[in-house]
Amino acid sequence: MISNEDKKVTMPQNLILEDRRILNVSGVSDVDSFDERTIIVFTELGELTVRGSDLHINRLSVETGELQLEGRIVSLSYADEQPKNAGFFSKVFR
């Protein structure tokens, strides 16, 4: 029997930054918070924080996992990166 966890399909993660003004992100599962200086989104590879000024979301589709935002982008950073392959001890101590 296949559990729901085994059926989880991961979306590819792409970040396309154009002239530090437009950012296209794929693999987005949800938006945590946003304002003119910080946008925090959940992706398949962890939490992505975009910092800058005059930031706003042009397009968001959770169904396709696509996000487009615009503004003066200063930094992109990930937190809580998901491990791709679990090691031996992580399998033993579940």
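Modeller: The side chain of Gln13 makes a polar contact with the side chain of Thr43, at 3.2 Å. A polar contact is a pair of N or O atoms within 3.5 Å; within protein, one must be able to donate a hydrogen and the other to accept it, and residues adjacent in sequence count only if both atoms are side-chain atoms. The model is predicted, so local features need pLDDT of at least 70 and side-chain atom pairs count only at pLDDT 80 or more, while totals for chains, interfaces and linings use all residues. Residues are numbered from 1 along each chain as its sequence is written, and side-chain values use heavy atoms, with hydrogens and water left out.

Colleague: Which elements does the chain have, and in what order do they run from the N terminus?

Modeller: Helices (H or I, at least four residues) and strands (E, at least two) are DSSP runs, numbered from the N terminus. Here there are one helix and six strands, in the order β-β-β-β-β-β-α.

Colleague: Which residues make up the largest nonpolar core?

Modeller: In soluble globular proteins, nonpolar side chains tend to be buried together. A nonpolar core is a set of buried Ala, Val, Leu, Ile, Met, Phe, Trp, Tyr and Cys residues joined through side-chain atoms within 4.5 Å. The largest one has 12 residues, including Leu23, Val25, Leu48 and Leu67. Strands S2 (22–26), S3 (28–34), S4 (38–43), S5 (46–61) and S6 (66–79) each supply at least two residues of this core.

Colleague: Is Gln13 buried or exposed?

Modeller: Buried means under 20% relative accessible area, exposed over 50%, and partly exposed in between (1.4 Å probe, protein chains only). Gln13, in the segment before S1, is buried, with a relative accessible area of 18%.

Colleague: What else does Gln13 touch?

Modeller: Contact means heavy atoms within 4.5 Å. Not counting residues up to four places away in sequence, Gln13 touches Val25, Ser26, Gly27, Thr43, Glu44, Leu45 and Tyr78. A polar atom of the Gln13 side chain lies 2.9 Å from the backbone oxygen of Ser26.
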